[in-house]
Structure formats: C-alpha cells, structure tokens
Amino acid sequence: MTPPRIHPDSNLLSRDQFLTLLDTAMHSGSFRYARQISLTWLAYYPGDLPVRLKFGQLLLNTGRRKQAVQHLTELCQADPEYLDAWYLLASALKGKSVSV
C-alpha cells in the first residue's frame, strides 16, 4: 500500500483524514503501514502530540517496548501534563499493551 501524500503546503490530506487513516491501519493490523505514515506525518509535524502518543502506542503494541519507553519518555518531557502519555508510559514500563 502506498502511503498518502502528506505535505504541509498542500491540502492533500487533512489532519482528520490522517487520524482516521492511522486509526484504521492500527485497528486492521496494518502496523507497518501505520508506522510508515506516522513517521511521515511526524517528520512534517513533530509537535503533534496526539499522533506522537498513537505512535508510542503502536510501538508498544507491536512489541517494541524499549523504543516505546524512549519515545513516551520524550513525549512526557515535552508536555508534563499530558496524562494519557504518562499512563501509556507506565503501561510500557510494566510491559503491558494498552489503548488510549
């Protein structure tokens, strides 16, 4: 599957469309695709905390616990009041997969 064209200077894919696409990919088990589009989106929008959280969840749910812990730690440092990130980080440290 070819990733969508994501570019900040165009209207090719809105944020809502992207989030729907990402959720669909994660729920259908298309984890490689979800990872690819998440990384592409975050390359353009590194401050998009909800997408960073979903990426952390993706890492955790695909068995990349060490990467998930590192990613979520950085997310919690970026926004110390982001409770969903802290919850997911705690789950990652316990070695559990969860959804937020």
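1. A residue counts as buried under 20% relative accessible area, as exposed over 50%, and as partly exposed in between. Arg-15, with a relative accessible area of 34%, is therefore partly exposed. This is a predicted model, and the points below should be read with that in mind.

2. Overall make-up. The protein has 5 helices and 0 strands, and its pattern along the sequence is α-α-α-α-α. Of its 100 residues, 37% are buried. Among contacts between residues at least 6 apart in sequence, 50% join residues at least 24 apart.

3. Nonpolar core. The largest nonpolar core has 28 residues, and those touching the most other members are Phe-18, Leu-22, Val-51, Leu-53, Leu-72 and Leu-75. Two or more residues come from each of helix 1 (15-27), helix 2 (31-44), helix 3 (49-61), helix 4 (65-78) and helix 5 (83-94). Helix 3 gives the most, with 7 residues. As background, nonpolar side chains tend to be buried together in soluble globular proteins.

4. Geometry of helix 1. Just after helix 1, Gly-29 has a positive phi of about 85°.

5. Faces of helix 1. Which residues of helix 1 are buried? They are Phe-18, Leu-19, Leu-22, Ala-25 and Met-26. These residues lie on the same side of helix 1, because they cover an arc of only 130° around the axis. An α-helix has 3.6 residues a turn, so residues three or four places apart point the same way. The buried residues of helix 1 pack against helix 2 and helix 3. Asp-16 and His-27 are exposed on the other side of helix 1.

6. Salt bridges. The count is 2. In one of them, the side chains of Asp-48 and Arg-15 meet at 2.8 Å, N to O. Asp-48 sits in the loop between helix 2 and helix 3 and Arg-15 in helix 1, so that this pair links distant parts of the chain, 33 residues apart. Asp-48 has 9% relative accessibility and therefore counts as buried, whereas Arg-15 is partly exposed.

7. The pair Lys-54 and Asp-23. Lys-54 forms a salt bridge with Asp-23, with the closest N and O atoms 2.6 Å apart. Because Lys-54 lies in helix 3 and Asp-23 in helix 1, the pair ties together parts that are 31 residues apart in sequence. Asp-23 counts as partly exposed, at 26% relative accessibility.

8. Arg-52. This residue belongs to helix 3. Arg-52 is buried yet has no salt bridge, and the nearest side chain of opposite charge, that of Glu-74, is 4.8 Å away. Apart from neighbours within four places in sequence, Arg-52 is in contact with Leu-42, Pro-46, His-71, Glu-74, Leu-75 and Ala-78. Among these, Leu-75 is also one of the core residues that touch the most other members.

9. Lys-66. Helix 4 contains Lys-66, which counts as exposed at 74% relative accessibility. Lys-66 and Leu-93 are 27 residues apart in sequence, while their C-alpha atoms are 8.7 Å apart in space.

Terms used
Residues numbered from 1 in each chain as written. Predicted model: local features only at pLDDT ≥ 70, side-chain atom pairs only at ≥ 80, totals over all residues. Heavy atoms only, no water. Core = buried A, V, L, I, M, F, W, Y, C linked by side-chain atoms within 4.5 Å. Buried < 20%, exposed > 50% of the residue type's maximum accessible area, 1.4 Å probe, protein only. Helix = DSSP H or I, 4+ residues; strand = E, 2+ residues; numbered from the N terminus. Arc of directions from axis to C-beta. Contact = heavy atoms within 4.5 Å. Lys, Arg positive; Asp, Glu negative; His and termini not counted. Salt bridge = Lys/Arg side-chain N within 4 Å of Asp/Glu carboxyl O.
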